[in-house]
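Student: I've got a model open on my screen and I'd like to talk it through. Can you take my questions one at a time?

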Amino acid sequence: MVRHILAAAGLMLGTLAACSPGGGATATAQSPAPPAATAAARHPVSGLRVIDLTVERGGKRLPFRVELADTPEAQARGLMFRTQLGDNEGMIFPSAVPETRSFWMKNTPLSLDIIFIGPDGRIANIAANTVPYSLDSVTSKGLASAVLELRAGRAKELGIVPGDKVSYSLPR
């Protein structure tokens, strides 16, 4: 998806990207993946690395395999032009530094749940069932260290809500 960033003050429009360039940030300050996990699988459509991600909800661990948009190019493209996303698939957009994050749905035919993850690794807010192709901004409530996109309605189906913990490790 083509995306843009609103400056933390919300007044200045940044580059067309989902978030700042990827870096060493994770949602839970975990150490990088162990050496055996550094050769992450690649997604057959996007070619991006695929990593494990878990949402902890009411004592349950909800596992996902997510595409890692950790470069400016991957973040700018996101799920743009994609027509399918599996139940336990998604895309994660990590930030090098927590910041206010804003997304739009330009060139995105899929409706999505856009989940903003705070610096503490907990879900800050969820923009559920976004409108395909919309140019309206969907913004984090406060600083976000990452953004997780799932197919529309999936968060509600699984009972995922603000305050739930998101865990993942970035490959080296």
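What follows is a short chat about this predicted model.

Student: Okay, what pattern does the protein chain follow along the sequence?
Tutor: The secondary structure comes to two helices and ten strands. Read from one end of the sequence to the other, the order is β-β-β-α-β-β-β-β-β-β-α-β.

Student: What share of the contacts with a separation of 6 or more comes from residues 24 or more positions apart?
Tutor: Think of the protein chain as 172 residues, of which 49% count as buried. For contacts with a separation of 6 or more, the share from residues 24 or more positions apart is 72%.

Student: Which element gives the largest share of the largest nonpolar core?
Tutor: That core has 19 residues, and those touching the most other members include Leu 53, Phe 64 and Leu 148. The elements giving two or more residues to it are β2, β3 (60–68), β6 (112–117), β9 (144–151) and β10 (165–168). With four residues, the largest share comes from β3.

Student: How many residues are in the other core that lies apart from it?
Tutor: Its members include Ala 74, Phe 93, Met 105 and Leu 112. In soluble globular proteins, nonpolar side chains tend to be buried together. The count for this other core is 16 residues.

Student: Now Thr 130: is it buried or exposed?
Tutor: Thr 130 sits in the loop between β7 (123–127) and β8 (138–139). Beyond four places in sequence, Thr 130 touches Met 105, Ser 111, Leu 112, Ile 114 and Val 138. Its relative accessibility is 7%, and the cut-off is under 20%, so Thr 130 counts as buried.

Student: And what is the relative accessibility of Thr 54?
Tutor: Thr 54 is in strand β2 (residues 49–57). Setting aside neighbours within four places in sequence, Thr 54 is in contact with Arg 61, Leu 62, Lys 165, Val 166 and Ser 167. Thr 54 counts as buried because its relative accessibility is 12%.

Methods: Residues numbered from 1 in each chain as written. Predicted model: local features only at pLDDT ≥ 70, side-chain atom pairs only at ≥ 80, totals over all residues. Heavy atoms only, no water. Buried < 20%, exposed > 50% of the residue type's maximum accessible area, 1.4 Å probe, protein only. Contact = heavy atoms within 4.5 Å. Core = buried A, V, L, I, M, F, W, Y, C linked by side-chain atoms within 4.5 Å.
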